[in-house]
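User: Could you walk me through the aromatic rings of this structure, one step at a time?

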Amino acid sequence: MLASYVVPYVGLNGYKGSNRFLRGYISKDLLAGLYGVEAGQDAVIRHYLYERGEQIVHPYNITVTEFTNRISNLRNSLGMCGNKDEGVFVPPILGAEMRTCSNVLSADINSLAYGRTPEEILRIVYGTGNERVPGGFFPEGANGTIAMKYLKHHE
């Protein structure tokens, strides 16, 4: 389940962040449908990990909570966009409306979903911190219109 934690939330942020770039009801309807499914997947994964937060992950000898924090911190670092990702437990100051440490539904302090720009998403899924340098899940680079815009400038 920790491996499953790596991808869906990044897609969820991307759907939220790309909404402003879409025109037309058909595109927005598709995005809303994808967003709903991704949010459900992410909630199930996060809830599973939240319930097991204090369990030790072998052979790493750290808790599930610490593992999710490290993955989230890596995504924040690669995305170069500040804090838009959090593990399944957070300090109260980062919790929903600053009232909770549980973070099954990751959101900002106003309980709103985080969004990421296409560039931030590429930095994360490439694992390079650079939207022009492929790697990670797309070693040859992604082939969508936005990704190709950055890749054709890559030497």
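Predicted model: local features only at pLDDT ≥ 70, side-chain atom pairs only at ≥ 80, totals over all residues.

User: Is the pair of Tyr50 and Phe89 stacked or edge-to-face?
Analyst: The ring centres of Tyr50 and Phe89 are 4.6 Å apart, with 25° between the planes. Planes under 30 degrees apart count as one class, so the Tyr50 and Phe89 pair is stacked.

User: How many residues apart in sequence are the parts that this pair ties together?
Analyst: Tyr50 belongs to helix H3 (residues 25–51). Phe89 lies in the loop between helix H4 (64–79) and helix H5 (118–126). The pair therefore ties together parts whose separation in sequence, in residues, is 39.

User: What kind of pair do Tyr126 and Phe138 form?
Analyst: Here the distance is 6.4 Å centre to centre, and the angle between the planes of Tyr126 and Phe138 is 70°. Planes over 60 degrees apart fall in another class, so this pair is edge-to-face.

User: Is Tyr126 buried or exposed?
Analyst: Tyr126 has a relative accessible area of 1%. The cut-off is under 20%, so Tyr126 counts as buried.

User: Which residue lies over the face of Tyr5?
Analyst: Let's look at charges over rings. Arg46 lies over the face of Tyr9, at 5.6 Å from the ring centre. For Tyr5, the distance to the ring centre is 4.7 Å, and the residue over its face is Arg75.

Note on methods
Residues numbered from 1 in each chain as written. Heavy atoms only, no water. Phe/Tyr/Trp six-rings, centres within 6.5 Å; stacked < 30°, edge-to-face > 60°. Helix = DSSP H or I, 4+ residues; strand = E, 2+ residues; numbered from the N terminus. Buried < 20%, exposed > 50% of the residue type's maximum accessible area, 1.4 Å probe, protein only. Lys NZ or Arg CZ within 6 Å of the ring centre and 35° of its normal.
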